[in-house]
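Dear colleague,

I am handing over a structure that you have not worked with before, and my notes on what was found in it follow below. Please read them with the model open beside you.

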Amino acid sequence: MKSHKHNNPNLLISTHTHKLFLSSSPFNFLISLPSFIYLKQQRFTPLFFFFFFLCFSLTTSMVASDTDTDSGPVVPTTALVTFLQRVQLTALRSYPKKQIPDPKSYIDLSLKRPYNLSTIESAFNDLTSESRHDQSVPVEKLEKFVKEYFDGAGEDLLHHEPVDFFSNPSGFLSNVENEQVREWAREVHGLWRNLSCRVSDSVRESPGRHTLLPLPEPVIIPGSRFREVYYWDSYWVIKGLMTSQMFTTAKGLVTNLMSLVETYGYALNGARAYYTNRSQPPLLSSMVYEIYNVTKDEELVKKAIPVLLKEYKFWNSGKHKVVIRDANGHDHVLSRYYAMWNMPRPESSVFDEESALGFSTMLEKQRFHRDIATAAESGCDFSTRWMRDPPNFTTMATTSVVPVDLNVFLLKMELDIAFMMKISGDKNGSGRFLKASKAREKAFKAVFWNEKAGQWLDYWLSSNGDEPETWKAENQNTNVFASNFAPIWINSFNSDKVLVKKVVKALKNSGLIAPAGILTSLTNSGQQWDSPNGWAPQQEMIVTGLARSSSKEAKEMAEDIARRWIKSSYLVYKKSGTIHEKLKVTELGEYGGGGEYMPQTGFGWSNGVILAFLEEFGWPSHLNIEP
């Protein structure tokens, strides 16, 4: 019976086809289908040739899609970074799960003298040649190897005593009348000494032995695992340094960032070799403006202008530039984040690889990795804001978002450059950038503003962003984020009384204002740039914008939010002895969590915002900071 069944072509095709449907890939089924038709009809019929060419076309397309690669720009990394990724991967395979070290600690290692990279790679190959079936090695052998051939993470960054630090600067926070708060503010001010560093001479002399990049001036680092200077963090650090009257240190931070722009064409995410493939929110012009506003240093302004022009071009050309056409046929030029990388981030490569396991093709994985790196370029890594189907992390699509806050920073850059050119005597240049700022303001109204919500909303691209596309109302992201209110930071928006009234009402009803400050979003996804966390930069931008307006209600809201943030920061400090990177703003006196690494302390921008808020709002003697 069985043999007879298989000798019947009609039965053979039905049985064989059924098996292919159940167990084979669509590719195998398609390439087999014409032969099934031949078997069934026992001759070459027109139907056979029709299916032959149809299946050939489809399978060719499938093969192509499986081997296609992302064609976007990629900035290559160094040989040392590539090798350290191998060490990182071996470490994560070798340690018990609960004892796995921070992956970044391996990428921050530097080569110990007298060994060169070739010698160390050879020794590592010997170590891993006898690895277990899971490609792990005994932890004690790995630790011995690392200790023998590498200097520890952070050892190439040396403590630096800032020349302009004084424990009690003249007139320091004179409007903080409460002695308890004043004493704490002095302690926060004193933390600048802990975070002040300089890059060791060996980095400049032998850059290939380090992932840390050489910088001309001392730095203020964020703290903890972040043992290098970071781009957008530096703006809020400088805000605090202005309050602490540390003008030389602040100018040094700007000089360092300008040196990176001159070298790479843009300010890097951070001063590491593995960060050369992306930038961060562009705030260099705002840093220069803040320093000039206090010191009137025209020489700094003149040096900054050509550097800022170079950075401005980076953000307004190539993949960063997008064009949205409104209903009247007017084109609006805006910008998006777009990392020049489509592989796992070296500092978090294992995390990224695991996150991409569900993708079947190289193209899908590369696009996903680019979107992860692009989220890192945004500074808000990670958030449901960048996900097409939140909170599903694999739906990260950051390159498809035209973000409100990035364009706020670029509008501010246009205004800053116009101002700097004016004081430098370049009236034509100033007029050109004022015109560009007016054009971007129109884009805010046409693309981002949502009258019903009373907020500016991120815009999702329908295509890859390489060609102009027509604005669609349904492409606005109607979810509520703190970044929706970032434009109030800009004077042209916070000086509009009618607009401020709408924004204040929307913020009040948004659900974002929590006991300890402003929530990043309303979604508790487990990602750190979502609820229940609040971050210093977003508090400062919104508070500063509201405080600058002429609205009494807006000013009162600004002061209330600032006091909540200060009070919670104080309580966390008294409980833990440290300033934290972020706060859990749903409760007073709790620091934030979530994300891909443990909560960090130090902490540069948090210190800066605390000091800036205290300078702006003071603290009356009768107002208790304790609960």
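An open sheet of 3 strands has the order β3-β4-β5, and the pairing within it is antiparallel. Because β3 (157–159) and β5 (219–220) stand at the edges, each with a single partner strand, one side of each is left without a neighbour in the sheet. Strands in these notes are DSSP runs of E with at least two residues, helices are runs of H or I with at least four residues, and both are numbered from the N terminus; two strands are said to pair if DSSP finds at least two bridges between them.

Before going further, please keep in mind that this is a predicted model, in which local features need pLDDT of at least 70 and side-chain atom pairs count only at pLDDT 80 or more, while totals for chains, interfaces and linings use all residues. Residues are numbered from 1 along each chain as its sequence is written, and side-chain values use heavy atoms, with hydrogens and water left out.

To return to the sheet, strand β4 (residues 196–199) is joined to β5 by 2 bridges, the two strands running antiparallel, and C197 has V219 in β5 as its bridge partner. Helix α9 (residues 179–195) lies across β3, β4 and β5 and runs at about 20 degrees to β4. Axes here are lines fitted to C-alpha atoms, for helices over the stretch in contact, and angles run from 0 to 180 degrees between N-to-C directions.

For the chain as a whole, there are 23 helices and 16 strands. Of its 627 residues, 56% count as buried, where buried means under 20% relative accessible area, exposed over 50%, and partly exposed in between, with a 1.4 Å probe and protein chains only. Among contacts between residues at least 6 apart in sequence, 71% join residues at least 24 apart, a contact being heavy atoms within 4.5 Å.

Turning to helix packing, the axes of helix α13 (residues 284–295) and helix α17 (residues 404–423) come within 9 Å and cross at roughly 45 degrees, which makes α13 oblique to α17. Angles under 35 degrees count as roughly parallel, over 145 as roughly antiparallel, 65 to 115 as roughly perpendicular and the rest as oblique. On the α13 side the contact is made by S285, S286, V288, Y289 and Y292, and on the α17 side by K412, M413, D416, F419, M420 and I423. These residues divide into 7 nonpolar, 2 polar and 2 charged, where Ala, Val, Leu, Ile, Met, Phe, Trp, Tyr, Cys and Pro count as nonpolar, Asp, Glu, Lys and Arg as charged, and the others, Gly among them, as polar.

α13 also packs with helix α11 (residues 233–243), their axes coming within 9 Å and crossing at roughly 10 degrees, so α11 and α13 are roughly parallel to each other. Here the contact is made by S234, Y235, I238, K239 and M242 of α11 together with S286, M287, E290, I291 and V294 of α13, and by class it has 6 nonpolar, 2 polar and 2 charged residues.

Helix α21 (residues 536–548) and helix α22 (residues 552–576) pack at an angle of about 150 degrees, with their axes 7 Å apart, which makes α21 roughly antiparallel to α22. From α21 the contact takes in A536, Q539, V543, L546, A547 and R548, and from α22 A554, K555, M557, A558, I561, A562 and W565. By class, this contact has 10 nonpolar, 1 polar and 2 charged residues.

Lastly, S606 is found in helix α23 (residues 604–617) and is buried, with a relative accessible area of 3%. Not counting residues up to four places away in sequence, S606 touches A536, I579, H580 and E581.

With kind regards
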